[in-house]
Amino acid sequence: MKNRWGKSLLLPLIAVFAAMSLLAGCGGGGTPAATTPEKKGSETTAPEASTAKYEFGKEPLEIELYGHYDWFSMPAWGGDPATKWIQDNMKVTIKPILSGGKANQKLNTLIAGGTLPDVIWMQRDGEVERLRQNGLLVPFDDYLDKYPNLKEWAGEDTLNMLRSPDGKLYQFPNWYTKEPNGNGGYMLNIKMYKELGEPKIETLDDFYNYLKLVKAKYPNVIPFEPGLEAQGFDTLYSAFKESNPPTHISMRAVPNGDKLTSLFLDPTYRESMQFINKLYREGLVAKDALTQTEDQVKEKVMNGRVAVYSSADTTKFGSMGHAALTKKDPNDGYFMIWPFAKAGIPKDKINPGHYNSLGWNVSVITTSAENPEAVFAFWDYMTGPEGFRVLFWGPEGLYWEGVDADGVPKLKDDYFTKEKERQDLMDKLVNFQWAGNTGYIDPAKSKFELQLPPEKRTWETRWQSEITWKTQYNATEFQNLDPSKESDEGIARQAVEDIYLEARSQALYAKSEEDVLKVLDKAHADADAVGYSTVLEYKTKMWLENKQKLGK
Amino acid sequence: MSPTDLSTSKGSAPDPGLQIKASKQSGWQRFIKQIDIQLMVLPALCFVFVFSYIPMYGVLTAFQDYSLFKGFFASDWVGFKHFAAFFKSPDFERVLRNTLVISFLKLLISFPAPILLALMLNEVGNKYFKSLVQTLSYLPHFLSWVIVSGFVISMLSVDNGSINIILEKLNLIEEPLNFLSMPEYFWSILITTNVWKEIGFASIVYLAAIAGIDPHLYEAAAMDGASRFKQIFLITLPCIMPVVIIFMILAIGNIMNAGFEDILLLSKDKIVWSVSDVIDTYVLRVGIENHRYSYAAAVGLFKSVVSIILLTLANAIARRSGNSLW
């Protein structure tokens, strides 16, 4: 036996050696790439504030942009009139780097490979701080006065909130604002509402009774559809107490005096979960609320299979669904209602959604950018009225010509006559709005809307101005509370996150209301065991700092 | 490793004449003589070397606080810190239990299923029917898990899922069931899907082994009056036993790999984590997605060490029957 082994081993061994000698040549290239980012850092010296402003159109400028989202993709730059106009007139081209559905891994590959793109468009979280601490980001402070749009429109407070611990600004906000915004709320199917006798829905009981009515009359309709990731459950949380925004749930922490405390023990949260559990047990809520995909939600809304719909962005599918339903039947469609709450809560203290002055997300410029100033200049152009008009309504001369004193474009006839093409363009442009300026666009949109004949006014703008913007909660002080992922608090936060997600499922499917409380008690105990208290302490500290920055 | 290699090398003794001839030649001469065949092996060897051996130094990061920014050489060494963290973590027990249970179920059900299919196919007389069944049953193997899980999710969906519709029409249930959100059904769904996807492909090996059995044995048995059933148990099964045992050893070595894509894709609702979270999904979620590379490496290394121990044990037991891997 032994003898045979020796011989049969010989050949593979020879082959391995042969293979090794072949590979030795490329061995050098295979060394870990982790050292390269440092090299890169030293290549690009700290940006100096030269006096001359960057001039667009002189030379071509190509900017690589990586969207740090699983879903990120974008239409080709230059494939529509607006970006084509920018490409032709300013010689700027944005080249996308795609995440391939796995943003986390992609970013890490980019870091490890030392090939960071010029701009990363990402969530405002611990990740930004991780990049900054490792010296991969370019601060904007030297450019702020030279290119004034951001400073003017975002305001000093917002910029201060965005500043990193070293006091410098590394993040270019998107959809920042000084005015309330946001689309959290409830929307009802018009036809069913009318057929059910238009009952008033002002309290939680009214809401519950309405769902019962729907279920009795339309067995195939989903009485309450909470949207993607069951965001509508978070909306409902706002109905149990005054000034009780869903922010608490997304923070997994509830403010109590000057401390943030456990979500699982919050009486309001517990009550809301019991209520949701009751809806589920009685078949009043979508059964696949926690697992459905965005497409499935969309399909239900578009086909009028939901009686009440709610999410963090109700108007998104609301306007699409309304358009789809009215096309089939002019009497069908959706409308929004003023948010309801437990009896006794004042109407103006119900906050089914939240907003913050920092907006949605940010763009950061990396040290790999050859000319960070040019990149900043372009972002500043995009966020200013001049650039943003192009990226919102298309280039001048297409659907608008000239602007009024407030910078609102004057519409051309084409805007109305070529509605389909115009809408296609505007839908496409949403993908390029990385430096959205809510403070400019919202008033402009409203004013724009008034230039339209009433039947042409958009569904979205109507309900935003009538309801959602009036009911959203300003949650700016609760921004940036998360610890970085690698820290001890960050590791604990992740463990709590898993516990929260599991407990939410368990609470929804629990057999009785008492079981809901048991699930939440257990979740708190489990979370406590993995360090929930240290996470809460960290968040409290950051929250108090934020309040100070905001002068509260 | 092809199935025929296995069955012939283990099943029949090498020709003594060949062996004498071979030992007269030096290894190098034999290598040159077979150069065309050796060259064909080369890409596979390179592949294994580049993708399995070179990255192996990476397991050392399990003993570091690896930072993506500092790189391998500049990261701090921390000994067994990450192992201790994993063993102390409240998830440890659950993850290990799920891994073992799911693996064991796969061993118990998914492992014998293709043998059974092969035995059944072997008894089918109609050649065309046999190859039709074979083709249809091995096709799912070539579908990726993303697609298969898509089928499963839509079939089991609570909103217009076909299974729920059938059950409702048959009056077996009153309201559609949310199958993928019910922890008690998760293992059955997972194993069933696995069997469906892999049964045909896995049975090819056994069919090949069965084809290699000397037909004289059957003729002799038939003469002695053995029924079809007896022939299966007394001839077919014992003859393919060496192959079965080899695959059994490999399967036991794989027991810490409960599966990954299938579990990840079917456990969309977090409520099933209590039964679905296995070592690999845990490594992905807690380790890699949160940049805890060292922790992920430590958990992965723990898994590999246990796998090697199990493999060695299984092999030692199999050696007693004379069918061991080494």
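Me: Over which residues of chain B does pLDDT stay under 50?
Reply: This is a predicted model, in which local features need pLDDT of at least 70, side-chain atom pairs count only at pLDDT 80 or more, and totals for chains, interfaces and linings use all residues. Residues are numbered from 1 along each chain as its sequence is written, with chains lettered from A and ligands numbered from 1 in the order in which they are written. pLDDT is the predictor's confidence in each residue, from 0 to 100. With 19 contacts beyond four places in sequence (contact: C-beta atoms, placed from the backbone, within 7 Å), the stretch under 50 in chain B is residues 1–20.

Me: What pLDDT does chain B average?
Reply: In chain B, 92% of the residues score at least 70. The model scores ipTM 0.77 and pTM 0.79. The chain B average is 87.

Me: Over which residues of chain A is the pLDDT below 50?
Reply: Chain A averages a pLDDT of 87, and 91% of the residues score at least 70. The stretch below 50 has 45 contacts in the model beyond near neighbours in sequence. That stretch of chain A is residues 1–49.

Me: How many residues does chain B give to the contact with chain A, and which helix has the largest share?
Reply: The contact takes 36 residues from chain A and 34 from chain B. Chain B gives 34 residues, and the largest share, 7 residues, comes from H4(B).

Me: How many residues of the side of chain B that touches chain A are nonpolar?
Reply: Ala, Val, Leu, Ile, Met, Phe, Trp, Tyr, Cys and Pro count as nonpolar, Asp, Glu, Lys and Arg as charged, and the others, Gly among them, as polar. This side of chain B has 8 polar and 8 charged residues. The nonpolar count is 18.

Me: How far apart are the centres of the domains of chain B?
Reply: The bounds come from an automatic or database domain assignment. That assignment gives domain 1 (19–79) and domain 2 (85–320) of chain B. Their contact takes 8 residues from domain 1 of chain B and 6 residues from domain 2 of chain B. Taken over C-alpha atoms, the centres are separated by 30 Å.

Me: What percentage of residues 186–211 of chain B is helix?
Reply: An unreviewed UniProt entry annotates "transmembrane region" on several spans of chain B, including 39–60 and 186–211. UniProt positions follow the numbering used here, feature names are shortened, and annotations may be inferred rather than shown by experiment. Residues 39–60 of chain B are 68% helix, with end C-alpha atoms 33 Å apart. For residues 186–211 of chain B, the ends lie 37 Å apart and helix is 100%.

Me: Which helices give two or more residues to the side of domain 1 of chain A that touches domain 2 of chain A?
Reply: Domain 1 of chain A is 61–178 + 359–458, and domain 2 is 185–351 + 481–552. In contact are 8 residues of domain 1 of chain A and 9 residues of domain 2 of chain A. The domain 1 side has 1 nonpolar, 3 polar and 4 charged residues. The helices are H5 (126–133) and H6 (149–162) of chain A.

Me: Why is one side of S2 and of S4 in chain A left without a neighbour in the sheet?
Reply: Two strands pair if DSSP finds at least two bridges between them. The open, mixed sheet has 5 strands in the order S2-S1-S3-S12-S4 (chain A). S2 (92–97) and S4 (171–173) of chain A stand at the edges, so each has a single partner strand.

Me: Which residue is the bridge partner of Phe224(A) in S9(A)?
Reply: Another open sheet of chain A runs S6-S9-S5-S10, with mixed pairing. S6(A) and S9 (residues 306–311) of chain A pair in the parallel sense over 3 bridges. The partner of Phe224(A) is Val308(A).

Conventions. Contact = placed C-beta atoms within 7 Å. Helix = DSSP H or I, 4+ residues; strand = E, 2+ residues; numbered from the N terminus.
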